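User: I've got a structure to learn for class. Can you walk me through it?

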Amino acid sequence: QVQLVESGGGLVQPGGSLRLSCAASGSIFEINAMGWYRQAPGKQRELVAAATAGAGTNYADSVKGRFTISRDNAKNTVYLQMNSLKSEDTAVYYCKIEARRTVWDTYRQYWGQGTQVTVSS
């Protein structure tokens, strides 16, 4: 079993900052990619930021220059630093990892249950 525990969500004012964390635990042999998605009410879930097993990262155009994704492989944790937050950033944020439980396993996707981020004055 693989578990993803998210933290760091909450209510912030426009222009404020939040740092989301997502720690993976359980039967994990190796993690490949890690990323963050978000889903606003009535909208489709979208990719916010992703980090490969190496140093590669990519971001949605709407968050470039404001958000930064990073990972601590030793802790199986991925972070999302969010600065200059806007009301449009309000959504439920989900972390996702691609991991395999054994050396013989294929990579599978695992999702966190989401954490609410609300940007409002």
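Analyst: Here is a walk through the strands, the core, the salt bridges and the surface.

User: What should I know before we start?
Analyst: This is a predicted model, where local features need pLDDT of at least 70, side-chain atom pairs count only at pLDDT 80 or more, and totals for chains, interfaces and linings use all residues. Residues are numbered from 1 along each chain as its sequence is written, and side-chain values use heavy atoms, with hydrogens and water left out.

User: OK, sheets. What is the strand order in the open sheet of four strands?
Analyst: The order is β1-β3-β8-β7, and the pairing is antiparallel. Strands here are DSSP runs of E with at least two residues, numbered from the N terminus. Two strands pair if DSSP finds at least two bridges between them.

User: Which strands stand at the edges?
Analyst: β1 (2-7) and β7 (67-72) do. Each has a single partner strand, so one side of each is left without a neighbour in the sheet.

User: How many degrees are neighbouring strands turned against each other?
Analyst: On average 15°, direction ignored. The axes behind that angle are lines fitted to C-alpha atoms, and angles can run from 0 to 180 degrees between N-to-C directions.

User: How many bridges hold β1 and β3?
Analyst: Six, in the antiparallel sense, with β3 covering residues 18-26.

User: Which residues are on the covered face of β7?
Analyst: F67, I69 and R71. The uncovered face has T68, S70 and D72. In a regular strand the side chains alternate between the two faces of the sheet.

User: New topic. Which residues touch the most other members of the largest nonpolar core?
Analyst: W36, L80, M82, Y93 and I97, out of 31 residues. A nonpolar core is a set of buried Ala, Val, Leu, Ile, Met, Phe, Trp, Tyr and Cys residues joined through side-chain atoms within 4.5 Å. Buried means under 20% relative accessible area, exposed means over 50%, and partly exposed lies in between (1.4 Å probe, protein chains only).

User: Which elements give two or more residues to this core?
Analyst: They are β1, β3, β4 (30-39), β5 (46-51), β7, β8 (77-82), β9 and β11 (115-119). The largest share, five residues, comes from β9. In soluble globular proteins, nonpolar side chains tend to be buried together.

User: Why is β9 largely enclosed?
Analyst: Eight of its ten residues are buried, so β9 is largely enclosed by the rest of the structure.

User: What does β9 pair with?
Analyst: β4 is one of its partners, joined by eight bridges in an antiparallel run. G35 stands opposite K96 there. β9 also pairs with β10 over four antiparallel bridges, where I97 has Y110 as its partner. With β11 there are three bridges, again antiparallel, and V92 faces Q116.

User: Is I31 buried or exposed?
Analyst: I31 is buried, at 11% relative accessibility. I31 lies in β4. I31 and A99 are 68 residues apart in sequence, but 4.2 Å apart in space, C-alpha to C-alpha.

User: Switching to charges. How many salt bridges?
Analyst: Six. A salt bridge is a side-chain nitrogen of Lys or Arg within 4 Å of a carboxyl oxygen of Asp or Glu. Side chains of opposite charge can pair when their charged atoms come close.

User: Which ones should I look at?
Analyst: R38 and E46 meet at 2.8 Å, N to O. R38 is buried at 6%, while E46 is partly exposed at 34%. K64 and D61 meet at 3.0 Å, and D61 is exposed at 65%. R108 and D105 meet at 3.4 Å. R108 is partly exposed at 44%, but D105 is buried at 16%.

User: Which residues are joined into one network?
Analyst: R38, E46, R66 and D89, through salt bridges that share partners.

User: Last one. Where is W104, and is it buried or exposed?
Analyst: W104 is in the loop between β9 (91-100) and β10 (108-111). W104 is exposed, with 77% relative accessible area.
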